Amino acid sequence: MPWPQRLETDRALVRDPDSVGVLISGPADAELSVVLFRGGWADVDFFVGLDDAGTLPACGIDSAAAFGTRLDGWVSRVFGKIGAA
């Protein structure tokens, strides 16, 4: 495959994706952005407020279950415990 790879905007043309991303928005403009790469790492950025924003460590992700566990932790970090009052 030639480098750099062509960026596709039509999802139907992608046959072998290198990454997948999610953007989660919450109360008071809080956001969590996660892009998981096939190599086992993720770019994780968050914004809770002017004094609480940045990136979170994200490497060594070797399975869907490991990603789910890490995602649960990131969501808790940014939005608090799920179901907490």
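Rings of Phe, Tyr and Trp (its six-membered ring) pair if their centres lie within 6.5 Å; planes under 30 degrees apart count as stacked, over 60 as edge-to-face and the rest as tilted. This is a predicted model: local features need pLDDT of at least 70, side-chain atom pairs count only at pLDDT 80 or more, and totals for chains, interfaces and linings use all residues. Residues are numbered from 1 along each chain as its sequence is written, and side-chain values use heavy atoms, with hydrogens and water left out.

**View A. Aromatic pairs, including F37 with W41.** The structure holds two aromatic pairs. In the pair F37 and W41, the ring centres are 5.2 Å apart and the planes meet at 15°, so this pair is stacked. F37 is partly exposed, at 22% relative accessible area (buried means under 20%, exposed over 50%, partly exposed in between; 1.4 Å probe, protein chains only). W41 is also partly exposed, at 41%. F67 and W74 have ring centres 6.3 Å apart and planes at 65°, so this pair is edge-to-face. Here F67 is buried, with a relative accessible area of 18%. W74 is buried too, at 6%.

**View B. The largest nonpolar core.** A nonpolar core is a set of buried Ala, Val, Leu, Ile, Met, Phe, Trp, Tyr and Cys residues joined through side-chain atoms within 4.5 Å. The largest one has 15 residues. L32, V34, A42, V44, F67, L71 and W74 touch the most other members. At least two core residues come from each of β2 (31–37), β3 (41–49) and α1 (64–79). Helices (H or I, at least four residues) and strands (E, at least two) are DSSP runs, numbered from the N terminus. The largest share, five residues, comes from α1. What does F67 touch, not counting residues up to four places away in sequence? F67 touches V34, L36, I61 and W74 (contact means heavy atoms within 4.5 Å).

**View C. Salt bridge D18 to R38.** A search of the whole structure finds two salt bridges. The term means a side-chain nitrogen of Lys or Arg within 4 Å of a carboxyl oxygen of Asp or Glu. For D18 and R38, the closest N and O atoms are 2.9 Å apart. This pair links distant parts of the chain, 20 residues apart. D18 sits in the segment before β1 (19–25), and R38 in the loop between β2 and β3. D18 is partly exposed, at 33% relative accessible area.

**View D. Salt bridge D52 to R77.** The closest N and O atoms of this pair are 2.5 Å apart. D52 lies in strand β4 (residues 52–55) and R77 in helix α1, so the bridge ties together parts that are 25 residues apart in sequence. D52 is partly exposed, at 25%. R77 is partly exposed as well, at 37%.

**View E. The β1–β2 hairpin.** β1 and β2 run antiparallel and are joined by seven bridges (two strands pair if DSSP finds at least two bridges between them). S19 has F37 in β2 as its bridge partner. Five residues lie between the two strands. A28, in the turn, has a positive phi of about 55°.

View F. I24 is partly exposed, with a relative accessible area of 28%. Leaving aside neighbours within four places in sequence, I24 is in contact with A30, E31, L32, V75 and F79. The C-alpha atoms of I24 and D43 are separated by 14 Å. Along the chain, I24 and D43 are 19 residues apart.
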